[in-house]
Amino acid sequence: MDLTKKTLLDMLYYMKLTREIETRIERKLYRQGKIVGGVYVGRGQEAIAVGSTILLEKDDCICPSHRDMGAYLIRGMSPRVIFAQYMGRKTGATRGKDANMHMGDMSKNIVAFVSMLADTVPVAAGIGLSFKMRKQKQVVLCFFGDGATSRGDWHEGLNLASVQKVPAIFICNNNQYAYSTPIEKQMAVKDIAVRAQAYAMPGRTVDGNDVVAVYEATKTAIGHARLGGGPSLIECKTFRMTGHSAHDDVKYVPQHLFDEWEKKDPILRLETSLMRDKIATEEDVKRLAARIAREVDEAIALAENDPFPEPHEALEGVYADQVIKPPLSIADAFFPQRK
Amino acid sequence: MAPITYLEAIRQGIWEEMERDPNVFILGEDVGVYGGAFKLTEGLLDRFGEDRVIDTPISESAIVGAAIGAALMGMRPIAEMQFADFISCCFDQITNFAAKCRYRWGAGVPMVIRAPSGGGIHGGPFHSQNPEMYYVHTPGLKVVAPSTAYDAKGLIKSAIRDEDPVIYFEHKYLYRRIKEELPEEEYLVPIGKADFKRRGNDISVITYGAMLHNALEAATLLAEDGIDLEVLDLRTLVPLDKEKVLESVKKTSKVILLHEDVRTGGIAGELAAIIAEEAFEYLDGPIMRITAPDTPVPYSPVLEEFFLPKTSDIVRVAKQLAAY
Amino acid sequence: MAANVIMPQMGESIFEGTITRWLKKVGDSVKRDEPLFEISTDKVDSEIPAPASGVLSEIRVKEGETVQINTVVAVIDEQGRAQAPPPTEKAEGPHIAKSEAPSRAKTDKVEATQGVRSSPLVRRIAKVENVNLSELEGTGLGGRITKKDILGYLEERERVAEVTRPIVQQAAEEMAGTDGIETDRIEVVPMSVMRKSIAEHMVASRRTAAHVTTVFEVDMTRIVNLKNQYTQEFLSKEGIKLSYMPFFIKTVSAGLKEFPVVNASIQDTNIVYKKDINIGVAVALDWGLIVPVIKNADEKSFLGLARASVDLAERARKKRLTPEDVQNGTFTITNPGVFGSLLGAPIINQPQVAILCIGAITKRPVVINDAIAIRSMVYLTLTFDHRLIDGAVADQFMASIKVKLESWEEKLF
């Protein structure tokens with residue numbers, strides 16, 4: 001394979017960094033009361049975001065979802081900003097305006113998603129449309145789960161992307177469960193990739209826990225798109241190794257599935273194959289883990305001490321050129337009375 | 001320039017902006033080859049090509065979603081809803097995605113959604129609605145509704161140049177019914193500024209859209225009875241020009257709020273509250289509303305005529321208010 | 001420093017949790033992120049890691065206890081740092097939105113409506129322009145006073161004012177001293193303290209009381225004869241000059257006993273009856289006017305009253321009056337008759353409700369039994385406060401004094 005050592009080691013780094021950050025968020029900070037509200041992690045699915053996003057150039061775009069922390073990290077969002085975001089601080093990606101993974105930054109070409117999952121699919125189609133109209137070579141990766149593919153917007157977006165032949169790659173993280181709904185209750189088809197046929201675009205199913213497989217499938221799709229061939233759909237089969245959110249006790253998932261998929265853990269698999277191919281030693285892996293732990297400790301220490309936004313910032317940023325005035329009841333509490 | 005229709009004025013505005021800025025493009029159903037259901041975009045495909053005048057599938061969510069995506073990348077899309085009534089199909093994209101981008105993560109969405117709204121054309125419940133208030137109610141959007149050809153052209157240009165999402169409700173009843181002479185030189189009408197279409201001293205009539213013309217008609221009739229109406233055309237619903245509203249009410253002390261939209265949740269309620277809060281001691285009579293009743297828009301001409309506010313309604317209410 | 005260990009919120013709708021097991025006890029050392037305790041909630045059972053390193057110094061919530069989220073369940077003493085101030089009840093964290101009921105209520109005074117139908121605009125104009133709406137006629141619906149009505153009224157009022165303004169203006173200017181004229185024909189002298197005080201008191205009294213004056217004519221012949229008869233004896237036996245004043249004070253005291261309301265004062269809507277009859281007698285001074293008071297005049301003899309009035313007048317002229325001498329008067333007598341005035345209409349000395357003015361005693365032809373006789377007559381005027389005293393009462397009071405004076409029987413010594 002033409003995957004360089006560097007790329008493989010980078011992918012390991014990003015997957016392990018993702019795992020460590022998400023563990024701290026879900027199992028420590030949230031339980032310590034330092035994060036309030038909802039917490040959603042992509043435990044066990046790290047290969048999908050990492051294996052695909054690692055291929056992108058600077059001007060390419062991503063529309064990630066909540067299980068794709070690795071994609072944010074690869075595009076340059078720092079762990080400190082992510083922790084600050086989760087803890088609602090001023091230094092977070094949205095300055096406290098939105099929660100958890102609802103992050104975006106157009107300077108890094110990361111589009112923030114909304115809770116109405118699959119809304120980003122037509123948006124990605126539009127982004128692809130702009131590349132096509134301006135005759136640019138960029139591509140856009142759009143991530144979503146199995147659940148999102150049931151929404152109307154998903155179908156409208158794929159349809160428009162395919163009829164307009166835009167350079168978009170639609171990547172489905174099929175982790176087999178949409179909250180408590182298993183895949184069999186969501187759709188009659190066995191593989192989501194089959195739906196690509198309805199939109200006359202290439203559709204592939206890959207092992208989502210094999211980061212190299214994800215890498216190769218995405219590489220093909222990106223090449224196809226850059227040459228003007230239009231969009232593709234890649235279905236990555238994986239398993240959600242945690243609850244839908246941090247407060248979900250997942251009793252509806254049979255334990256044997258967890259046991260089965262534990263063995264197929266993507267990070268473990270990559271580590272094993274790297275050590276087998278003598279690209280990394282056990283020592284290297286241990287040192288990497290320690291380095292990541294240190295990085296994450298530092299990031300948390302900084303983020304924990306970051307300030308919260310000022311209360312009146314709640315009024316800011318609605319428009320580019322209009323100021324929202326506080327209603328009288330709030331004005332008295334926060335602003336001096338002016339007559 | 002010879003007088004042109006309201007519809008032609010909008011087309012001119014779009015055309016000029018597309019010439020000026022290569023990032024401006026149109027997408028929607030039947031906008032290209034067909035020239036639009038009302039022929040508003042006729043000629044644009046030939047001039048600007050398929051890339052910039054895109055015929056889409058019937059997918060309002062995808063139309064607006066794609067417009068959002070393109071706008072995030074710095075383009076200036078104009079998404080057309082064939083009838084404003086269909087805007088509900090992409091309610092989520094508009095209110096949850098487009099409206100909240102800047103607030104949440106500082107990303108501007110400089111797109112325009114054009115929506116032909118309003119009744120009086122025998123369109124029935126799904127081709128005559130005035131859905132503006134769902135969007136006036138959503139922070140982060142701008143909503144405009146021109147009443148004259150002059151305003152229509154100036155506002156579409158301002159909307160296209162605005163950095164935030166603008167929903168442009170063009171009143172289909174007015175498309176070909178009004179004709180005005182417009183200036184030769186380029187002009188813009190600012191978003192967020194109301195306009196006094198008639199100055200007077202006795203009663204303020206505050207309105208927008210097609211109802212403006214009913215108000216002006218009523219003013220002429222009432223003048224014969226010695227009642228001098230002041231008519232304020234809002235032009236923009238959000239951001240609201242509260243200053244001019246209060247200025248007018250403080251002058252005349254009597255106000256009629258007029259709109260074709262249904263009564264409950266229409267902007268007359270919002271205006272009445274603002275006036276009561278901020279100009280209570282200037283009122284010499286109760287705040288009056290003239291609106292459509294709380295029903296879907298009926299089809300049969302007899303029923304629709306009953307439904308829509310009429311000039312005679314304005315005259316009657318004005319006389320009662322004047323006598324109070 | 002102490003680190004608070006709090007009950008976390010495991011899910012958006014969760015608001016409490018139960019501690020099922022403590023994994024450490026008080027005094028144990030604890031490392032950050034190490035499992036510290038286990039909880040159970042409606043949604044999930046969970047192991048909770050320690051938020052800081054140190055020594056577990058306090059466990060506040062026992063196993064089996066259920067507490068609300070954000071409650072401090074334990075405290076970790078982080079080693080090597082000074083003691084922090086006592087921890088607060090709830091841990092500090094992101095604010096959960098509180099809704100506050102609006103504390104501002106717009107209070108529009110009910111008085112503002114003035115009981116007449118108008119509108120907010122009209123009432124505001126009325127308030128600002130000091131218009132009594134009940135004076136206007138409304139042309140609006142149902143007789144409502146409209147904007148046009150009040151603006152019309154104000155225009156008319158302005159027109160009238162236009163005419164009178166120059167006159168009023170000049171007077172005002174002169175009074176305020178803003179006419180700015182000081183020539184050799186005009187000299188401006190600042191008022192003394194006493195003058196200022198009298199000026200204020202007089203105007204205030206006029207503003208407060210409803211002044212009404214009644215006039216009685218009294219035949220003083222009998223008393224004139226008595227006085228002439230005993231002047232010499234008074235002077236040699238008692239060493240004081242006999243004047244008419246004690247005669248008047250005695251009869252007024254008796255009259256006030258008969259008509260206690262004339263000895264009262266008004267407080268808001270209450271009548272304050274006074275048991276003491278303290279009669280003030282106005283004394284004219286070179287530099288002004290003062291009213292020393294004879295306390296409990298009804299308890300004094302004729303001689304006592306004579307002495308008191310002479311003493312007070314003397315001390316007044318010598319500026320030797322004490323504050324008690326001029327306080328707590330309940331009735332005042334003024335005597336401009338000594339200067340020749342026949343009849344006065346004095347201003348009431350607040351807070352009293354009546355004042356008696358004694359004119360000059362002059363010989364006049366009067367009709368008695370249809371024949372003309374020459375008698376010593378005096379005009380007595382009573383100015384009274386009609387808020388409290390009606391004409392009939394005032395006149396009865398005066399009639400009783402007249403009778404007593406005209407038929408003086410008492411011994412002087």
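In this predicted model, Val30(C) has Gly54(C) as its bridge partner in strand E6(C). The two strands concerned, E3(C) and E6(C), the latter covering residues 54–59, are joined by two bridges and run in the antiparallel sense. This pair belongs to an open sheet of four strands in chain C, ordered E1-E8-E6-E3 and paired antiparallel. Strand E1 (2–6) and strand E3 (29–30) are the edges of that sheet, each with pairing on one side only. Val30(C) therefore sits in an edge strand, given that E3(C) spans 29–30 and is named as an edge, under the rule that strands pair when DSSP finds at least two bridges between them.

Elsewhere in chain C, two loops deserve a look for their backbone geometry. Between Gln350(C) and Pro351(C) the peptide bond is cis, with omega near 5°. Pro351(C) falls in the loop that links strand E16 (331–334) to strand E17 (354–358). Asp370(C) is a residue other than glycine with a positive phi, near 65°. The loop that holds Asp370(C) runs between strand E18 (362–368) and strand E19 (371–385). Asp370(C) counts as exposed because its relative accessibility is 77%, and the cut-off for exposed is over 50%.

Chain B also has a cis peptide bond, from Val238(B) to Pro239(B), with omega near -5°. Here the proline lies in a loop between a strand and a helix: Pro239(B) is placed between strand E12 (236–238) and helix H9 (242–252) of chain B.

Turning to chain A, the secondary structure consists of 12 helices and seven strands. Along the principal axes, the C-alpha atoms of chain A fill a box of roughly 70 × 50 × 40 Å. Of the 339 residues, 58% count as buried. Among contacts between residues at least 6 apart in the sequence of chain A, 73% join residues that are at least 24 apart.

Six of its eight residues are buried, so H4(A) is largely enclosed by the rest of the structure. The buried residues are Pro79(A), Ile82(A), Phe83(A), Ala84(A), Gln85(A) and Tyr86(A). Their cover includes helix H1 (5–29), helix H3 (69–74) and helix H11 (282–304) of chain A.

What follows helix H4(A) in the chain? Gly88(A) comes after the helix, and its phi is positive, near 70°. Further along, Arg95(A) lies in the loop between helix H4 (79–86) and helix H5 (120–133). Arg95(A) also has a positive phi, near 55°, although it is a residue other than glycine. With 43% relative accessibility, Arg95(A) counts as partly exposed.

Terms used
Residues are numbered from 1 along each chain as its sequence is written. Chains are lettered from A and ligands numbered from 1 in the order in which they are written. This is a predicted model: local features need pLDDT of at least 70, side-chain atom pairs count only at pLDDT 80 or more; totals for chains, interfaces and linings use all residues. Side-chain values use heavy atoms; hydrogens and water are left out. Buried means under 20% relative accessible area, exposed over 50%, partly exposed in between (1.4 Å probe, protein chains only). Contact means heavy atoms within 4.5 Å.
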